Amino acid sequence: MSKVARRRIAVACQGGGSHAAFAAGVLLEILEPGRFEGIELVGLSGTSGGAVCASLVWSGLVRDGGGPAVASETLASFWRDLSAQDPLDAAVNFWSVSLARLPVTWEISPYAVYAPAEPRMRTLLGQHLVFPKTGALRQPPEIFIGATDVLKGGGLAFDGSVLGIDHIIASAAVPPLFRAVRVSEDELCWDGLFSRNPPIREFTNLESGPPDEIWIVRINPKKIAHEPTLMSEINDRRNELAGNLSLDQEIFFIDKINELRKDIAPLAERYKHIEIREVELALDLDYPSKLDRGVRHIQRLIETGRDAAHHFFEAPPERRMMVKKLIEPARESA
């Protein structure tokens, strides 16, 4: 009896500060024994916090001696270390988030003061990321990390052949928390939020062929319940809309090809149908909560992501699901 072919899957993780712990939960569930063996993971992509999650999983899978268990532990241990666990760090985190929720806003250039976000992120990535020894890697799963070119404009997608810690930090370098990150002589980058959040069109040109399905983990909600009136709410919604714009354009591109294939025979021969499915963290979480590294906050987001991941394995597949609640933490290891 012939074996049933596994679905070829690419996973794309949107960014959103600590809200990306939701994407981490989705990925941790996908990596679970009994689930991971049922799919063929051919691609990963991410931007900002989603880039961190995607790169940690990629690193765990493709490194020497790697595999789903290594990838899962790498991702989980990063988020444990990122969480504000010791009393002093917890106190600093509490007051930082509380100040960000004040009904006034102020911004200071990261070039005028010391910006601690980059060195902290660089240290954590250095502790958890192990890059493959060989260069020019395009073995499955291929990876694409989104960033924005500050000087020339437009979006960038770094693949595994060039990927380093600088590229991942560049993907997360949202001003004014970060300074722009130089990844090459002519590439100065900000967060991919503004242009590639996350990259997905590269999945149509994988070395091993396009996937059957693209699973999108959307952090920024498409819809909100009420009109933003406070300046903090307005800034939050501007951030969400900017973060969704590029992703929605890329989804439209793939949907249009799927549609045209039905009527134009040459296109049907050249391109394959790619099913797009997504889960959305459609919760009433404010922008300051993206800065919150509280243990409970991170754990709840991870467990909610784990719960949402079940959607991807259900049949028949639904196109889109919105996650409307945070579940309580259930797994101590998360």
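**Questions on the predicted chain**

User: Where is the place of Pro 176, in the loop between which two elements?
Analyst: In this predicted model, local features need pLDDT of at least 70 and side-chain atom pairs count only at pLDDT 80 or more, while totals for chains, interfaces and linings use all residues. Residues are numbered from 1 along each chain as its sequence is written, and side-chain values use heavy atoms, with hydrogens and water left out. Helices (H or I, at least four residues) and strands (E, at least two) are DSSP runs, numbered from the N terminus. By that scheme, Pro 176 sits in the loop between α6 (165-171) and β5 (181-184).

User: What is omega of the cis peptide bond that joins Pro 175 and Pro 176?
Analyst: Happy to stay with this loop, which runs between α6 and β5 and holds Pro 176. Pro 175 and Pro 176 are joined by a cis peptide bond, and its omega is about 5 degrees.

User: Which residue does a cis peptide bond join to Pro 198?
Analyst: Pro 198 belongs to the loop between β6 (187-191) and β7 (213-218). The cis bond there has an omega of about -5 degrees, and the partner of Pro 198 is Asn 197.

User: Is Ser 48 buried or exposed?
Analyst: Ser 48 is in the loop between β2 (39-47) and α2. Its phi is near 60 degrees, positive in a residue other than glycine. Buried means under 20% relative accessible area, exposed over 50%, and partly exposed in between (1.4 Å probe, protein chains only). Ser 48 has a relative accessibility of 9%, so it counts as buried.

User: How many residues of α2 are buried?
Analyst: Helix α2 takes up residues 49-62, and its 14 residues should span 20 Å at 1.5 Å a residue, in agreement with the 20 Å between its end C-alpha atoms. The expected span is 1.5 Å times one less than the number of residues. α2 is mostly covered, and its buried residues number 14 of 14.

User: Which residues in α3 does α2 meet?
Analyst: Contact means heavy atoms within 4.5 Å. From α2, the residues involved are Val 52, Cys 53, Leu 56, Val 57, Gly 60 and Leu 61. Their counterparts in α3 are Pro 68, Val 70, Ala 71, Thr 74, Leu 75, Phe 78 and Trp 79.

User: Which residues in α5 does α3 meet?
Analyst: α3 takes part through Thr 74, Ser 77, Phe 78, Asp 81 and Leu 82.

User: Why does the span of α7 agree with its number of residues?
Analyst: Helix α7 covers residues 231-261, which is 31 residues. At 1.5 Å a residue these should span 45 Å, and the end C-alpha atoms agree because they are apart by 45 Å.

User: Which residues does Leu 156 touch, not counting residues up to four places away in sequence?
Analyst: Leu 156 is part of strand β4 (residues 155-159). With a relative accessible area of 16%, Leu 156 is buried. Ser 171 is 15 residues from it in sequence and 9.2 Å away in space, C-alpha to C-alpha. The residues Leu 156 touches are Ile 145, Gly 146, Ala 147, Asp 149, Glu 187, Cys 189 and Arg 196.

User: Buried residues make up what percentage of the chain?
Analyst: The chain has nine helices and nine strands. Helix α1 (residues 21-30) is mostly covered, with 10 of its 10 residues buried, including Phe 22 and Glu 29. Over the 334 residues of the chain, the buried share is 50%.
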